[in-house]
2 protein chains.
Amino acid sequence: MAGYLDARPRVGYFYTGKSGSQLLADKVKHITVNDYQSRPVVVQQSVSVYDAICTMFLEDVGTLFVVDANNTLVGVLSRKDLLRASLGKQALESIPVSIIMTRMPNITVCKKEDLIIEVANKLIDKQIDGLPIIEEVDRGSGFEVIGRITKTNITALLVDLANDEVI
Amino acid sequence: MAGYLDARPRVGYFYTGKSGSQLLADKVKHITVNDYQSRPVVVQQSVSVYDAICTMFLEDVGTLFVVDANNTLVGVLSRKDLLRASLGKQALESIPVSIIMTRMPNITVCKKEDLIIEVANKLIDKQIDGLPIIEEVDRGSGFEVIGRITKTNITALLVDLANDEVI
């Protein structure tokens, strides 16, 4: 009965006062990033825009994460960033991604225990396609990228909700 | 009570047998494309790849629809299509979009009365970001584009569902 009815001895079932939508909201508000993530694809900051575009096609992703030699997140590359770069006159092989990427600390991030609905809100608010899922690392003030969450994951969640496949 | 309980004279309330997830599924299965669409952005098939990329930035969309002189849908351009074109050696100003676009009849389309959950399924299955919402036109066998639906619209729906803002 999933929260609609409650029972008490000698009283029987009674309505909890929650509407269907409230229960849905309660349900969605328990689903975390960890339940609906994808693997992250990272490139080094010295890589060229040309190679980054190739990596995007080879790995079939819409967002790449840029890391430094310590594997710490330093930037994010969206299809939009790469497309903007391709309008320029310079050869894409000669531009390093570090010039065109969105840099820390201007990157919107999330953690694996965050609620998926918070991420959905961020994606809509900031008009971005995907976020890195990060973990703080000991060796400094940096973050390691441990996952990726995108509008595709959110769409898959809605399909699962409608198919009644979410616990 | 949104379907959980039903009432009958002299019997009182009784449980309909539907679970919370079933009710959610029922709810989602009534939301149509018409409730969550965006306006379409179209370009002519003679436009260059360079101009199409500029239009994408100016209009702030991830998918463009290509039409002929009769305003009939002939192709779709995604950021991915334009990015692929930018890897080539040819100047983007000299390539018409008709060369690189996905052409009819290989375009996945939907109608405004379709269920949003069917669209979500198509977006996941076909690995695409958005669909044109089409209407058949009298003047031939063609379609006119009347809207656009993307993973962003689906993400917005999930946010509304969680915020209890869907009727």
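What we have is a predicted model, in which local features need pLDDT of at least 70 and side-chain atom pairs count only at pLDDT 80 or more, while totals for chains, interfaces and linings use all residues. Residues are numbered from 1 along each chain as its sequence is written, chains are lettered from A and ligands numbered from 1 in the order in which they are written, and side-chain values use heavy atoms, with hydrogens and water left out.

Which residues make the contact? From H3(A) they are Lys80(A), Leu83(A), Arg84(A) and Ser86(A), and from H2(B) they are Ile53(B), Met56(B) and Phe57(B), where contact means heavy atoms within 4.5 Å.

Turning to helix H3 of chain B, residues 79-86, six of its eight residues are buried, so this helix is largely enclosed by the rest of the structure; buried means under 20% relative accessible area, with a 1.4 Å probe and protein chains only. The buried residues are Arg79(B), Asp81(B), Leu82(B), Leu83(B), Ala85(B) and Ser86(B). Their cover includes H2 and H3 of chain A, together with H2, strand E5, helix H4 and strand E6 of chain B.

Finally, an unreviewed UniProt entry annotates "domain: CBS" over residues 36-94 and 101-165 of chain A, an annotation that may be inferred rather than shown by experiment. Over residues 36-94 of chain A, the chain is 32% helix and 24% strand, with the end C-alpha atoms 37 Å apart.

Definitions and conventions. Helices (H or I, at least four residues) and strands (E, at least two) are DSSP runs, numbered from the N terminus. Buried means under 20% relative accessible area, exposed over 50%, partly exposed in between (1.4 Å probe, protein chains only).
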